[in-house]
Amino acid sequence: MTKAGDMAVDLAPVRECRNLAEAWRGLEARADCSFFQSWSWIGTWLAELPKRIDPLCLRARLAGETVGLALLTPYEARRHGFVTARQLHLHATGGEEDRLTVEHNGFLVDRRCAAGATTALLRHLAGLDIWEELALPGVDPSMETTMAALGRVILLQRSRCPHVDLSALGSGNYLDGLGANTRHQLRRAHRLYGGPELDAAGDQESAAAFLAGLEELHDARWRSAGKDGAFAGDFLKAFHRRLVMEGVANDTVQLLRTRTGDGRTIGYLYNFLHRGRVYAYQSGFETPADNRLKPGLVSHHLAIEMNRAAGRAVYDFLAGDSRYKRSLANSASELVWLVVQRPAGKFRIENLARALKSLLRA
C-alpha cells in the first residue's frame, strides 16, 4: 500500500476484492465516465473472462471511501522472437478477448478529487515492479501527457471518433445539415425501401431474437471477407448475450431492427445507452444487390432521429473514420491506444531496430 497525501492506494487480485460491484457502482455515480467504465460493461467482462485470466484491482481510498478504481490484467508479451515484456492492460487482457474493443477507457475516479485520485493511482503504479509496459487501449488523448510520468509513452494508434451532437441540432431538420450527396442517397433509399421503420427490443425474448438476427447478418458479412466477426468464439458470444439480456432490462442496451415498408428485415443496430449518450457499437445488415439501397445509412439515420426524439444528447459512432460515419456526423473527437514503457536495454535495442527498419523502408 502507498499513500499520496490522505489517499491510500493498494493493488489486489479481483478475486480477493469483496463487494467490488457495490464499490464500483458507488464510485461510478460520483465519476464522469463512459459506458465502457460502467459496471454494466466491467461487471459483464469480469463475469465472462476465462478462469485462467486473473485481473488485479487498483484502488484509491480517501478517508475510507473509494475514490479511484482500475482493473489491470497481467500479460507476458513476446515480440520478434526475442523481446519479452511483462505488461499490465487497463480493462483489457492482452489476448484474443480484446476483440471486444474497449473504448472511452480510463481510470474511474471521483469527480470531486479526480486529479488527486489519478495522481495517487499513478504514484502507486510507479512503485510496482510487476510491470515493464502498461497498455492503455482506447483512452482520451490527454493520457499521452498524463502517463509520461511513468515512462516512455508510445502511441500505437490514433482514431477519429465521429459523432452527432444531437443537442446542437435544436429544432432544425437533421438532414438539412448533411452533405447534398448524403441527403440524396438517404432520400432515395428511404423511397426504394417503401418507408423503412425501426422497432426496438423491449424485453429479453425479443432481445434474444434481435441479437440472433444481428449475429447472422454480421457474421455473414465478415465471413465473405474471410475474417471472424465480433461474435466469433465462446467468450464473445457469452459476453454479448449477458450484456444484452441485462442491458435491455435496465435500459443500458438498445437493440434496434430496421424493416422495409412491407415488413422485410434489412438490418440491426446494437447500441449502448449511458447518461444521454448513445454508443453505436455493432451492427448487422443485409448485402443488397442494388447499390442504391443503403441499409446501414438508413438504419443509423432512423436511430439518430429516434434517439434525438427521446432527448438524448450524442449519437457516438465510436472509433473509425468510415465514410458513413463522416457522412452522418456533425462533430468528432479522438481516442488513442498507448503503451507506457519503462527504461530497459531490450526496449532500447528493439526501438532502435524498429527505427532503422522504418528508415530503410522509407
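Q: What counts as a pocket here?
A: On a 1 Å grid over the protein atoms alone, a pocket is an open set of points where a 1.4 Å probe fits, with protein on both sides within 12 Å along at least five of seven lines. Lining residues have an atom within 4 Å of a point. A volume is the space filled by probe spheres set on the points, which are joined across faces, edges and corners.

Q: And the model itself?
A: This is a predicted model; local features need pLDDT of at least 70, side-chain atom pairs pLDDT 80 or more, while totals for chains, interfaces and linings use all residues. Residues are numbered from 1 along each chain as its sequence is written, and side-chain values use heavy atoms, without hydrogens or water.

Q: How much space is in the second largest pocket?
A: About 660 Å³. It has 34 lining residues, and H89, A135, L156, W337 and V339 are the closest to its centre.

Q: Now the largest pocket. What volume?
A: About 1,200 Å³. Of its 41 lining residues, R221, S283, F285, S322 and Y324 are the closest to the centre.
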